[in-house]
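Dear colleague,

I am handing over the structure we talked about. Please have it open while you go through the notes below.

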Number of protein chains: 2
Amino acid sequence: MNKTLCLSLCLLAGAATLSAQQRSAVDQVNPIIGTNKMGHVFPGACVPHGIVALSPDTDTIPHNIDGVYQPRAYEYCAGYQHKDSTIVGFSHTHFSGTGHSDLGDILIMPTTGALKLNPGTATDPDAGYRSRFSHDTEIATPGYYEVMLDDYGVKAQLTATERTGVHRYTYPADADTSRIILDMNHAIYNYDGKVLWASVQVVNDSTLVGYRITNGWARANYTYFAMKFSKPFNNYGYIDHKKPKYMGHLAKFKPNRNFPDIQGRQIVCYFDFDLGNDPTLDIKVGLSAVSTEGAMKNLEAEAGNKTFEQIAAEARAKWAKELNVIEAEGSDDQLAMLYTSLYHTLINPSVYMDVDGQYRGLDQNIHKAEGFTNYTIFSLWDTYRALMPLYNIINRERNTDMVESMLKHYEQSIHHALPVWSHMGNENFCMIGYHAVPVLADAITKGIKVDKPLALEAMVSSSTIPYYGNLKEYMELGYVPFDKNPTGASNTLEYAFDDWTIYNTAKNMGKTEIADTYKKRALNYRNTFDKNLGLARARYSDGTWKKDFHPLGTHGEGFLEGNSWNYSFYVPQDVEGLKAYMGGDKRFIQKLDSLFTMYLPDEFFAETEDVTREGILGNYVHGNEVSQHIPYLYAWTSEPWKTQYWVREIMNKMYQNNIDGLCGNDDCGQMSAWYIFTAMGFYPVAPGTDQYVIGAPYLPYMKVNLGDGKSLTIRADKVSDKNRYVQSVTLNGEPIKTAYLTHNQIMGGGELNFVMGPKPNKKRTFTPEQRPYSLTQGE
Amino acid sequence: MNKTLCLSLCLLAGAATLSAQQRSAVDQVNPIIGTNKMGHVFPGACVPHGIVALSPDTDTIPHNIDGVYQPRAYEYCAGYQHKDSTIVGFSHTHFSGTGHSDLGDILIMPTTGALKLNPGTATDPDAGYRSRFSHDTEIATPGYYEVMLDDYGVKAQLTATERTGVHRYTYPADADTSRIILDMNHAIYNYDGKVLWASVQVVNDSTLVGYRITNGWARANYTYFAMKFSKPFNNYGYIDHKKPKYMGHLAKFKPNRNFPDIQGRQIVCYFDFDLGNDPTLDIKVGLSAVSTEGAMKNLEAEAGNKTFEQIAAEARAKWAKELNVIEAEGSDDQLAMLYTSLYHTLINPSVYMDVDGQYRGLDQNIHKAEGFTNYTIFSLWDTYRALMPLYNIINRERNTDMVESMLKHYEQSIHHALPVWSHMGNENFCMIGYHAVPVLADAITKGIKVDKPLALEAMVSSSTIPYYGNLKEYMELGYVPFDKNPTGASNTLEYAFDDWTIYNTAKNMGKTEIADTYKKRALNYRNTFDKNLGLARARYSDGTWKKDFHPLGTHGEGFLEGNSWNYSFYVPQDVEGLKAYMGGDKRFIQKLDSLFTMYLPDEFFAETEDVTREGILGNYVHGNEVSQHIPYLYAWTSEPWKTQYWVREIMNKMYQNNIDGLCGNDDCGQMSAWYIFTAMGFYPVAPGTDQYVIGAPYLPYMKVNLGDGKSLTIRADKVSDKNRYVQSVTLNGEPIKTAYLTHNQIMGGGELNFVMGPKPNKKRTFTPEQRPYSLTQGE
């Protein structure tokens with residue numbers, strides 16, 4: 001990476017007022033980390049929580065399988081794989097790190113020479129408008145991306161605001177035709193028919209507006225845009241790859257050439273420019289989910305009268321401000337990983353609202369956000385674990401709005417449900433559980449401003465929808481039977497945790513009846529637990545256990561993205577109870593130890609999704625979120641120091657400053673949030689409690705800005721791979737005698753000091769009262 | 001028709017307060033007139049200018065042509081052909097009398113017995129959910145429709161408000177299952193893929209909301225609905241005839257049964273009811289182009305707490321009030337034809353706006369109508385002639401809003417053009433010319449409140465779009481060359497007339513420069529007129545005339561929906577100039593005479609569109625609007641009485657009180673407006689002037705309510721087929737010495753008295769000064 005160029009760009013653009021520290025943080029970010037294989041992050045330009053993620057797509061073309069074009073659901077979630085050698089173009093919307101794909105809206109590609117109105121293929125790029133490129137010419141920094149498109153000799157530079165993508169293309173001086181392709185048919189997760197309808201209206205010789213509706217992972221996703229070119233085009237046209245059924249009276253216009261009202265199903269437009277002596281062309285593209293008018297308002301408000309340089313500098317400054325929430329010391333690679341992780345936690349969820357407050361709700365109607373900012377892209381099965389809890393420390397204002405956005409989703413839901421996995425005004429129901437519930441509970445516990453009665457209503461409603469995830473049977477039997485649901489055991493365990501957060505919320509609100517109901521439900525994990533084996537196990541409707549049980553099997557055993565061995569530890573709400581079910585302290589420790597150390601041949605993981613081989617430690621699969629709390633479970637045992645060993649192993653092995661540096665999907669920042677928490681030395685094992693289980697800090701110094709003038713300094717002098725063990729902990733000089741920190745302790749700020757050493761301090765153990773929360777502790 | 005039933009219904013419902021006169025007018029209407037063959041009107045329920053036209057569709061299924069389903073563009077414009085013997089169901093939107101089709105949105109059909117989720121075919125109705133029916137059970141009156149669905153024994157009753165369709169279905173007492181089919185895939189002008197996307201959300205056990213987007217004649221038409229059943233359904237489901245590409249995580253729901261979030265491309269839903277002892281089910285369906293929220297608001301505001309009987313009575317009362325604008329005496333058939341014509345003039349254009357003022361604009365964005373009501377369905381090539389002028393007499397308030405709606409269309413148009421043929425926020429560019437221009441000019445001339453500077457700007461802009469209808473060449477050459485445009489001669493003639501209205505408007509506003517430009521353009525008819533032949537003739541770019549010219553040919557001669565012979569009379573702005581071009585008074589009269597009397601064999605009209613054989617008189621084709629002013633052109637000659645002969649011939653022959661009673665498409669009321677004007681005894685030959693050319697009244701007595709307490713009584717004692725000739729005319733006792741009446745004379749009210757006789761009064765001729773306006777008169 002050559003960051004010097006970008007730095008000079010930003011300095012030129014007036015970013016020189018940023019302090020040395022601010023530059024330092026933003027300079028550490030390496031957006032290329034995890035852009036290969038499973039990370040599914042994108043290298044392009046965005047600002048914190050902006051809906052625009054303007055990034056190169058290296059391939060998204062459907063597979064041709066037996067003559068039928070099938071969408072690529074997985075590999076190109078971010079549109080980009082570092083291994084590729086061609087760029088199709090630059091589209092404006094991307095998920096960050098997901099395990100399923102969509103978006104890639106409004107693709108722009110600069111070309112020269114012969115007119116090509118199809119993207120070509122990776123194996124035959126000359127057949128279409130795509131271009132070869134080399135990573136040598138690629139610059140990716142927060143809010144800025146640059147690459148040379150070798151086939152055309154065009155330099156592409158990208159930056160963004162929250163709702164506007166900003167492009168600069170520099171054509172070769174001798175280009176015969178300087179052209180922009182606007183491919184309204186390009187999409188991530190594309191297939192023949194994904195675009196339900198598209199419109200491009202030529203307002204004048206340098207302004208377009210339009211929209212498209214796609215049927216992808218989001219069943220109906222509306223993307224409106226407004227586009228302004230810095231110079232006029234002198235000719236334009238389009239092709240509709242899906243020949244319209246009927247042109248009727250439009251046919252008389254020869255509408256494929258210079259006719260300003262372009263609509264169709266699979267349209268690809270082109271715009272030809274005579275750039276004269278200055279071969280640069282700037283393009284600003286405002287997005288909206290509401291209207292072209294909203295898109296234009298967004299463009300004008302955020303980028304209207306600013307230069308590319310100004311916008312790039314502002315984007316960088318926004319990142320600098322947000323990233324500066326953490327100061328840290330460490331090696332270059334460590335700081336790159338830390339700040340890139342922080343960067344990844346600040347992309348999704350994303351603002352889904354026009355500057356005037358209008359947004360498209362889950363009911364596909366247009367609403368006005370009163371007193372809050374509406375957000376979308378909630379990957380809650382992943383992010384309730386660490387990302388959303390992290391926001392309760394470092395991103396509280398936004399989290400207030402995100403919680404409000406979830407409550408609006410609930411109000412607009414025909415199911416009367418909080419979001420499960422939602423994006424762009426749609427619910428896709430990915431994964432299992434109702435994990436918006438612990439997000440709300442955690443926010444309430446941690447003092448985020450929430451309409452509590454509405455939140456509790458939404459939590460109860462979301463957890464009692466009979467047709468959702470076999471809740472009918474769950475409520476009748478106390479577990480989700482395997483014969484009704486192939487992931488029934490996972491469902492039961494996850495529902496039970498979510499139910500505990502409802503119990504806790506209701507209890508704190510004095511709603512005894514609800515609390516009693518959900519306390520019972522919180523213990524339902526027992527109903528899918530085979531005490532004889534000490535393992536979670538799928539169960540049939542008649543109460544009998546699944547036959548031919550394979551505790552390590554990841555398919556067909558009643559579990560989702562994990563096996564029984566891993567899922568058996570998924571009782572964050574009642575680890576003491578779980579310990580008892582597993583045979584007590586020693587047996588529990590043995591099971592934990594063996595999870596991380598058991599030998600399994602590579603072939604065993606051949607069918608495991610979402611992780612690279614580096615993401616596996618014994619039978620522990622870090623890339624799938626199910627297990628991410630497990631290393632912290634030693635806190636409930638007589639050997640808490642083992643957490644300190646394993647979390648550092650995971651940090652070192654599974655997060656690396658390179659293209660393969662993410663061992664699994666980043667999942668909208670969840671993997672990265674785990675990194676941040678673990679680096680700080682504590683982790684929210686059970687969101688909804690006010691406790692963070694203490695692990696071991698990764699770096700000698702971190703300072704976390706808590707807002708309101710407060711900060712928490714975390715010191716761990718001489719911490720290293722060798723000195724990985726915590727000898728003692730003090731907060732503002734007072735010894736911490738518990739295995740956890742409370743939210744109030746953290747938010748009170750001051751100095752959290754860890755004394756580290758090369759050997760475990762085996763005297764630092766905890767009485768049951770000093771251990772973290774367990775539902776049945778003391779019962 | 002059995003009207004007794006409906007009358008009793010309405011009396012029961014409280015309509016007894018209506019006066020005898022009001023009942024009389026509404027009772028005369030026979031909505032079945034013109035429902036066979038070419039009339040293309042629908043028999044169902046609507047209120048004046050309501051967007052809901054809830055009517056039975058007897059067939060709309062695409063033709064299977066060589067295995068490819070092609071839309072039926074023409075025959076089923078209104079969804080209904082009287083000759084058919086099955087009803088597919090009842091859909092909520094229909095054009096009235098058009099020559100191209102679309103709509104048929106949100107079809108409901110009650111069924112019993114086995115579940116069928118496809119419509120079946122006319123030849124095999126049992127294969128689907130459609131039902132046989134008999135016209136014997138059909139009742140059609142303004143605002144009310146009833147029919148027995150014989151296959152199910154279900155009585156269907158329909159009524160409507162402006163934005164809400166109201167259904168009542170009475171099932172047989174012994175029905176096994178009382179079911180409602182909601183076919184979101186049904187459409188008029190349907191084909192595989194017309195529905196881009198559809199959504200049905202089950203709000204509760206008696207409420208649905210949803211929408212669909214179609215790509216038909218309107219390129220993207222958004223129809224949202226809210227639906228309330230009077231009783232709960234106990235089971236529901238759907239089929240998607242276009243299997244979704246990807247169900248993803250939705251698959252786990254078995255979403256085809258009782259899953260409340262139904263979305264897809266070709267979905268047909270069903271709802272099962274247990275009706276208990278009362279076998280009636282009422283359904284209210286609110287429509288909106290904005291949102292489901294808007295649809296529900298519309299439903300609640302207009303029909304929320306009203307019974308079917310109340311709504312039916314109110315619909316009838318609304319019609320009674322509007323129809324009462326004219327009192328008349330005549331035979332039953334004459335009054336049926338008069339009031340049915342009036343009824344047909346009050347259907348389109350239609351309100352296209354929610355009760356809260358929100359509407360979908362031409363730019364497909366949502367707008368708020370401030371201070372006006374937004375209308376859609378403008379078939380302007382047809383309706384600028386007589387329908388819109390009629391509104392300047394009897395429907396002025398609505399016309400003010402319609403003009404404002406056209407100006408909003410202009411402001412939202414990417415072409416900066418007034419509507420040509422627009423519906424549902426779309427422009428389809430049907431036919432030729434820019435005839436919104438004379439509509440605006442006529443409204444301004446006749447004192448409708450219009451933003452004149454904006455109107456003139458819109459008129460000039462609409463007439464100078466270089467890529468529209470070869471205006472580039474028209475502006476360069478003074479005519480549209482045949483080698484560029486196959487209907488160039490027609491285009492030239494129509495542009496020239498429209499241009500005259502711009503000239504006149506600009507002149508009256510003191511805009512001399514614009515007036516001068518457009519006066520020249522108004523004379524462009526000369527450029528396509530072969531003086532040697534005395535006929536309009538197509539011309540090539542090089543100025544030479546079309547070779548192999550066939551003046552009677554209707555195809556390939558440069559004319560649209562007409563031949564040279566008819567189109568040669570299309571110079572309403574300068575009949576004196578035309579006369580001169582045709583060789584003077586005698587030659588002009590000869591040409592007119594021969595138009596009506598020449599013998600042409602039936603085969604000659606085999607390929608003539610839009611008309612029945614009854615719609616032809618010699619070479620005069622009344623069903624195509626081009627010629628409708630021609631009978632009045634005798635007013636500019638020495639034999640004005642010939643108008644009196646021919647208009648009565650046309651009235652008698654081409655408008656009849658039966659299913660075939662319209663000789664061509666009613667074209668959103670244009671054919672009917674011609675009837676009303678002609679019945680009154682005058683006609684707006686050149687909209688944009690303040691003159692109505694006097695013909696001969698058809699009835700002995702008419703009284704037209706002009707608003708503001710004024711009325712115009714038109715008396716023609718003893719008028720009959722025999723006494724068809726005007727002997728003299730007085731207005732309020734003063735003799736009318738001109739061949740025309742002015743708008744002020746008419747709007748001043750009083751009594752217009754015609755003395756009729758069996759022979760022409762050949763002394764009643766007119767000096768050039770007494771004749772109607774001609775641009776070059778006196779030059």
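Predicted model: local features only at pLDDT ≥ 70, side-chain atom pairs only at ≥ 80, totals over all residues.

Domains first. Chain A is assigned a domain 1, residues 4–322, and a domain 2, made of 328–353 + 610–779. The C-alpha centres of these two domains of chain A are 37 Å apart. Where they touch, domain 1 of chain A contributes 30 residues and domain 2 of chain A contributes 31 residues. On the domain 1 side of chain A, the contact residues are 13 nonpolar, 14 polar and three charged.

Next, the contact between the chains. Chain B puts in 37 residues, and chain A puts in 37 residues. On the chain B side, three elements supply at least two residues each: β13 (195–204), β17 (261–264) and α3 (292–303). Strand β13(B) gives the largest share of that side, with six residues. By type, the chain B side holds 19 nonpolar, 13 polar and five charged residues.

Last, a sheet in chain A. Three strands make up an open sheet, ordered β25-β26-β27 (chain A), with antiparallel pairing. In chain A, β25 (378–379) and β27 (426–427) are the edge strands; each has a single partner strand, so one side of each lacks a neighbour in the sheet. Strand β26 (421–423) of chain A is joined to β27(A) by two bridges, and the two run antiparallel. Which residue of β27(A) is the bridge partner of A:Ser422? That is A:Glu427.

Best regards

Conventions:
Residues numbered from 1 in each chain as written. Chains lettered and ligands numbered in written order. Pairing = 2+ DSSP bridges. Helix = DSSP H or I, 4+ residues; strand = E, 2+ residues; numbered from the N terminus. Domains from an automatic or database assignment. Contact = placed C-beta atoms within 7 Å. Nonpolar A, V, L, I, M, F, W, Y, C, P; charged D, E, K, R; others polar.
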